[in-house]
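User: Can you take me through the side-chain contacts in this one? I'd like to go pair by pair.
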Amino acid sequence: VQLQASGGGLVQAGGSLRLSCAASGRTFSRYKMGWFRQAPGKEREFVSAISSGGSVTNYADSLKGRFSISRDNAKNTLYLQMNSLKPEDTAVYYCAGAAGSNIYTRDYDYWGQGTQVTVSS
C-alpha cells in the first residue's frame, strides 16, 4: 500500500490542523494505521494509532485530549485532528500502516512521505 500524507502547514499556537493520509489499494480497511512525528534533532515518536475498523484508538499520553485520530475506510483515508497546537508540536508528521491488529505495538510496514507542521508562538 502507498500512503500520501497532507494537510500540514504553518499555524499559530492554539490553532488547529487536520492531517490526512490517502492510501492506495483495496486493503486499507484491513490495516491498522498510525501517526508518528519527528522534530528536528529528535527521534521519531508515536502520536496515535487506530484499529482497522476504527473502533479502537491509542494516543501518546502527552497528546490525549488535543489530538484525535479517525479513518474513513470507504475513502481509504486516515485523519489526525490536532487542536490547541503548541510550538512543541512542530515536526514532520508521518502516517503508517501495517497488517497487524495490535495498535499498541509500533511495528509498521508502510510509511507516507511526511507532512510538515509548524506551530508559531
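This is a predicted model: local features need pLDDT of at least 70, side-chain atom pairs count only at pLDDT 80 or more; totals for chains, interfaces and linings use all residues.

User: How many disulfides does a search of the whole structure find?
Analyst: One disulfide turns up. Cys 21 and Cys 95 form it, with their sulfur atoms 2.1 Å apart.

User: Where do Cys 21 and Cys 95 lie?
Analyst: Cys 21 is in strand 3 (residues 17–23) and Cys 95 in strand 9 (residues 91–98). They are 74 residues apart, and the pair links distant parts of the chain.

User: Right-handed or left-handed, that link of Cys 21 and Cys 95?
Analyst: Right-handed, with 65° about the S-S bond.

User: And is Cys 21 buried or exposed?
Analyst: Buried, because its relative accessible area is 0%, under the 20% cut-off. Cys 95 also has 0% relative accessibility, so it counts as buried.

User: Switching to aromatics. How many aromatic pairs are there?
Analyst: The count comes to five aromatic pairs. In one of them, the ring centres of Phe 36 and Trp 111 are 5.0 Å apart. Their planes meet at 55°, so that pair is tilted.

User: Which strands do Phe 36 and Trp 111 lie in?
Analyst: Phe 36 is in strand 4 and Trp 111 in strand 10 (residues 110–111), so the pair ties together parts 75 residues apart in sequence. Phe 36 is buried at 5% relative accessibility, whereas Trp 111 is partly exposed at 30%.

User: What about the rings of Tyr 108 and Trp 111?
Analyst: That pair is edge-to-face, because the planes are at 65° and anything over 60 gets that label. The centres of Tyr 108 and Trp 111 are 6.2 Å apart. Tyr 108 counts as buried, at 9% relative accessibility.

User: Which residues form the aromatic cluster?
Analyst: Phe 36, Phe 46, Tyr 108 and Trp 111 form one cluster.

User: Which residue lies over the face of Phe 36?
Analyst: Arg 44 does, at 5.8 Å from the ring centre. Elsewhere, Arg 71 lies over the face of Phe 28, at 4.4 Å from that ring centre.

User: Last topic, Lys 32. Buried or exposed?
Analyst: Buried, because Lys 32 has a relative accessible area of 1%. Lys 32 lies in strand 4 (residues 32–38).

User: What does the side chain of Lys 32 make a polar contact with?
Analyst: With the side chain of Thr 105, at 3.0 Å.

Definitions and conventions:
Residues are numbered from 1 along each chain as its sequence is written. Side-chain values use heavy atoms; hydrogens and water are left out. A disulfide is a pair of cysteine sulfur atoms within 2.5 Å. Helices (H or I, at least four residues) and strands (E, at least two) are DSSP runs, numbered from the N terminus. Buried means under 20% relative accessible area, exposed over 50%, partly exposed in between (1.4 Å probe, protein chains only). A polar contact is a pair of N or O atoms within 3.5 Å; within protein, one must be able to donate a hydrogen and the other to accept it, and residues adjacent in sequence count only if both atoms are side-chain atoms. Rings of Phe, Tyr and Trp (its six-membered ring) pair if their centres lie within 6.5 Å; planes under 30 degrees apart count as stacked, over 60 as edge-to-face and the rest as tilted. A charge sits over a ring if NZ of Lys or CZ of Arg is within 6 Å of the ring centre and within 35 degrees of the ring normal.
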